[in-house]
Amino acid sequence: MVHETIDGTYRQTNLPNESPEYLAKREELRLAEIDLLNTRERVAALRRALPKGATIQDYEFLEGPTSLDDGDAPTKTVRLSELFTTLDRALVIYHFMYGKKQTTACPMCTAWIDGYNGVAPHIAQNVDFAIVAAADPATLRAHARNRGWDKLRLLSAGDSTFKYDLGSEDHEGHQDSTISVFTRDSDGTLRHFYSGHPRLAEDIKERGIDELIPVWNMLDLTPQGRGKWYASLEYGVKVQGAQAARG
């Protein structure tokens, strides 16, 4: 019965006791999900079709040893151009809200990067990927070590204007989460291709890069929805407390 159209409804389960009202609303939802899929595809196509972006300088970053187990020194200078492994690959950089005015690691950014660490081997099949923070290498690596980020390239923006130029930092050093994509021409010219920020408009301040984290999408599947969920750096105590309350 599942994946068959029965009485005008494309069935999602083999449960025999779903009410006509439920089936009708589930079918309405299915059609809306198809519309959303098509919209996502249209948006992705518009993004891919962007013309060549602005040329950019070959920014310098600071990087510690490859393995977090090898301490935090020595550090080396790495240029943006050196983050590209081949000519035909894009470079994706997540701007981590940590450092300067952001004296505590952003919990939401941390949740996103937790996920990136898990899927990093998959991402690496198609694109080059790195995390850039305003924090100095030792501070960034200490947080990464605590989170177990052992599959990510972690860079400090150092004294460069990288984060300011890409809109993830203001003149005072306040940080914002941002995702940026870069390309490299055959002659080595570096270009900015795309950046996305949480703020899409004056009245949309936090939803612009929701698709970068699956947690909200998972919560949106439930009757309660995403509610007021916000990531935490201290889940251990909170999860135990929630279990005790249920007990």
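The legends below describe close-up views of a predicted model.

**View 1. The largest pocket and the residues at its centre.** In this predicted model, the largest pocket holds about 1,300 Å³ of space. Its lining is made up of 36 residues, and those that lie nearest the centre are R40, D210, E211, L212 and N217. Sorted by class, the lining of this largest pocket comprises 24 nonpolar, 4 polar and 8 charged residues.

**View 2. The helices and strands that line the largest pocket.** Helix α1, which spans residues 20-48, helix α2 (107-123) and helix α5 (214-219) each contribute at least two residues to the lining of the largest pocket, as do the strands β8 (178-184) and β9 (190-196). The largest share comes from α1, which supplies 9 residues of that lining.

**View 3. The second largest pocket.** The second largest pocket contains about 400 Å³ of space, and 19 residues line it, with M108, P198, K205, E206 and Y230 lying nearest its centre. Helix α2 provides the largest share of the lining of this second largest pocket, namely 3 residues. By class, the lining of the second largest pocket consists of 10 nonpolar, 2 polar and 7 charged residues.

**View 4. The aromatic pair Y94 and W112.** Across the whole structure, a search finds 10 aromatic pairs. One of them is formed by Y94 and W112, whose rings are arranged edge-to-face, with 5.6 Å from centre to centre and 90° between the planes. This pair links distant parts of the chain, since Y94 belongs to strand β5 (residues 91-96) and W112 to helix α2, and the two are 18 residues apart. Y94 has a relative accessible area of 0% and is therefore classed as buried, and W112 also counts as buried because its relative accessibility is 4%.

**View 5. The aromatic pair W216 and W229.** W216 and W229 form a further aromatic pair with an edge-to-face arrangement, in which the ring centres are 5.8 Å apart and the planes make an angle of 85°. Here too the pair links distant parts of the chain, with W216 in helix α5 and W229 in the loop between α5 and α6 (235-246), 13 residues apart. W216 is buried because its relative accessible area is 8%, whereas W229, at 24% relative accessibility, counts as partly exposed.

**View 6. The aromatic cluster that contains Y94, W112, W216 and W229****.**

**View 7. A charged side chain over the ring of Y194****.** R47 lies over the face of Y194, at a distance of 4.8 Å from the centre of the ring.

**View 8. The surroundings of D150.** D150 is found in the loop that runs between helix α3 (137-147) and strand β7 (154-156). With a relative accessibility of 56%, D150 counts as exposed, because the cut-off for that class is over 50%. The side chain of D150 makes a polar contact of 3.3 Å with the side chain of K151. P121 is 29 residues away from D150 along the chain, and the C-alpha atoms of these two residues are separated by 11 Å.

Key: Residues are numbered from 1 along each chain as its sequence is written. This is a predicted model: local features need pLDDT of at least 70, side-chain atom pairs count only at pLDDT 80 or more; totals for chains, interfaces and linings use all residues. Side-chain values use heavy atoms; hydrogens and water are left out. On a 1 Å grid over the protein atoms alone, a cavity is a set of points where a 1.4 Å probe fits but cannot get out, and a pocket is an open set with protein on both sides within 12 Å along at least five of seven lines; lining residues have an atom within 4 Å of a point. Grid points are joined across faces, edges and corners, and a volume is the space filled by probe spheres set on the points. Helices (H or I, at least four residues) and strands (E, at least two) are DSSP runs, numbered from the N terminus. Ala, Val, Leu, Ile, Met, Phe, Trp, Tyr, Cys and Pro count as nonpolar, Asp, Glu, Lys and Arg as charged, and the others, Gly among them, as polar. Buried means under 20% relative accessible area, exposed over 50%, partly exposed in between (1.4 Å probe, protein chains only). A polar contact is a pair of N or O atoms within 3.5 Å; within protein, one must be able to donate a hydrogen and the other to accept it, and residues adjacent in sequence count only if both atoms are side-chain atoms. Rings of Phe, Tyr and Trp (its six-membered ring) pair if their centres lie within 6.5 Å; planes under 30 degrees apart count as stacked, over 60 as edge-to-face and the rest as tilted. A charge sits over a ring if NZ of Lys or CZ of Arg is within 6 Å of the ring centre and within 35 degrees of the ring normal.
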